[in-house]
Each structure stands twice: as structure tokens, then as C-alpha cells.
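Welcome! Take a moment to look over the structure below, and then we can walk through it together.

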Amino acid sequence: MKVSAIITLKKDVLDPQGKVIHQALDGMGFENISEVRQGKYFEIDVNENDPGKAKAVVEDMCKKLLANLVIENFKIIETQ
Amino acid sequence: MKSSVITFPGSNCDRDMDVALKKFGFNNKMVWHDDNELPKSDLVVLPGGFSYGDYLRCGSMASKSKIMQSVINFAKSGGLVMGICNGFQILVETGLVPGVLLRNKYLEFICKNVFVKLDNKENSYFKNLNKDIFEFHIAHNEGNYFCTKDQLKEIEDNNQIAIYYCNKEGKIEDQYNPNGSIKNIAGIFNKEKNVLGMMPHPERMIDQSLSGEDGSIFFKNLINNIK
């Protein structure tokens, strides 16, 4: 089954890319924005039918490789 | 004295490091990332470059490569492991040294000479050096050292800050911080001081006619300290 993981920067971590994107959007006329934070999104097809088990595997992946827990948080979403 | 330089796919300072180590008397071996065993070594170096194309996060893929388990075991048994630039990024991803290296504050790739100041000489790398301020070269996009408040306190309490960005006179101020690193940190030790990660490249400062001699001073001293 497919499981997704969203990796976001923690609140206190500076995101210069997000800032520049914010400025660009602002310049394009999207003025009603207070902040932009950039993150990562993974779609992982796990050979596992049990949603709980599939999510647990992806959680382990996030902790060991996909996210760096010093600066990032992750959220796991079951997509299929 | 035996040293090993690990080559990852995308490393590009591995041969420069090999030249530098040999010039100052190391019997150096190049070790491929896919090998399982480290040759007998007094020093292991993780070189600069763009291992695995900087995919995911700089150094993250290399930190999981086959040879790294041997490098981690070597470090945990007290062996000297030095990571330069991308090697530093690999070290933080293994957890051997605390913190992470973020994108440079102003989003630019920085390639220039900088001055750094040593903070702590009670270790095998800097012991017996007769000066504190060195001119080294930096070339990186992700050298912005970051750690949590708790980690910073622990790092400071254990004297783990190895070098700071400074000016020629050794003043450590914000204006001499090229990349936004917390506290101008350019290099960090592990708690035991046998693992050193730093962004500057001493191997690029080993020839007076090409660059400068501060790298020569560092390597000559290092081999004498290990002997």
C-alpha cells in the first residue's frame, strides 16, 4: 500500500528558501501571505497490506533517513 | 602513520586530501565507499565534494553507505576521524558530531579564503600548534551550522567547538560569519575530541606558490601529534 510522508522544518529553524519564495510570491501580487515554509513530500509504495504496519515501516524510514530530527518534523499519511 | 581517505560517489576533494596527507608523511590509502572493512589506520578522512549529488540532505546518503559502519566503529573505539566540508556534513548525518549544516543564510555558494580561530588545543588535531588563527579556504552551499539550544549548551559545556570564523586578528564577530552559522562555528568535535568536522579545507593550503601554508602547518603538526 502507498504511504506518504511529509517532512517540514521545525519552527525555530531558519528557512531562507521559503523566505525567497515568499518574496517572489509577494512580488507577483500574492500579498496576503504571512509566511512560506518549504518542505519535502515522499510517496512510498510498501509491500504490506496492513495499514498500521505500513505506516510503522515509513515512520522508521523517516527517523533513520528521510528526516533529520534535529531540524525536521515528519507526518505520515496513508494514501491508499 | 597510516591514513585512509574514503571516496564516495561525488567526492571531489579526495585526491587533494591524498596529496596533502602524503606530502606530510602519511602512508595514505584510498578506500571505496562500498568496501566493508577499513584498512588499519591512524586517521580516517571523509573528504569534501558532493557525495550522492547532495540528494535528500547533504551527506545523508553517504552516511548510510557500507564503509561508514566501519568508520563509526573506528570512531567509537577512539580512532581519529576528520570530516572536511561534505565530510563534515556526512559526520553530522551519522550523529558522530552534534548538529546539522543548513543552506547558507544568503542562499549563495561561497568560495573564498576565511580566517578561523582555534578554541581548544587539548586534542590530537590542534595540540602543540603555536598559533591560533589560520587562513583556510571554504567552498560550500550548506555550511550554516545549526543545533538546538540544549545541544549548544552541551557543546559549549564540553568544549566541543573546534574553530570559529573570525577576521585576520581573530575577532569572532557576526560580520566575519560567511554563512550564518550559530556562534560563527566553523568546526565541531565529538565529546571525546577524536572526531573533528569542519567546513574549511586545510588541504587547499599546502603550497605557498598556489595558496598559503596554513594547511601545511596543520598537517605537519597533526602527523607529529599522532606519532
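In which sense, parallel or antiparallel, do strand β4 and strand β11 of chain B pair?

## The sheet in chain B

This is a predicted model. In it, β4 (residues 80–84) and β11 (residues 195–198) of chain B pair in the parallel sense, over 4 bridges. If you follow this pair, you will find B:Ile84 opposite B:Met198 in β11(B).

Both strands belong to an open sheet of 9 strands in chain B, with the order β2-β1-β3-β4-β11-β10-β9-β6-β7 and mixed pairing. At its edges stand β2 (27–32) and β7 (133–140) of chain B; each has a single partner strand, so one side of each is left without a neighbour in the sheet. On average, neighbouring strands here are turned by 25° against each other, direction ignored.

## A helix across the strands

Now look for helix α5 of chain B, residues 214–226. Helix α5(B) lies across β3 (43–46) and β7 of chain B, and runs at about 105° to β7(B).

## The sheet in chain A

Chain A has an open sheet of 3 strands, ordered β2-β1-β3, and the pairing is antiparallel. Its edge strands are β2 (40–45) and β3 (72–78) of chain A, each pairing on one side only. Neighbouring strands of this sheet are turned by 20° against each other on average, direction ignored.

Strand β1(A), residues 2–9, is joined to β2(A) by 6 bridges. Across from A:Ile7 you will see A:Lys40 in β2(A).

## A helix in chain A

Helix α1(A) covers residues 16–27. Its 12 residues should span 16 Å at 1.5 Å a residue, and this agrees with the 17 Å between its end C-alpha atoms. Just after α1(A) comes A:Gly29, with a positive phi of about 110°.

Definitions and conventions
Residues numbered from 1 in each chain as written. Chains lettered and ligands numbered in written order. Predicted model: local features only at pLDDT ≥ 70, side-chain atom pairs only at ≥ 80, totals over all residues. Pairing = 2+ DSSP bridges. Helix = DSSP H or I, 4+ residues; strand = E, 2+ residues; numbered from the N terminus. Axes fitted to C-alpha atoms, helices over the stretch in contact; angles between N-to-C directions. Expected span 1.5 Å × (residues − 1). Contact = placed C-beta atoms within 7 Å.
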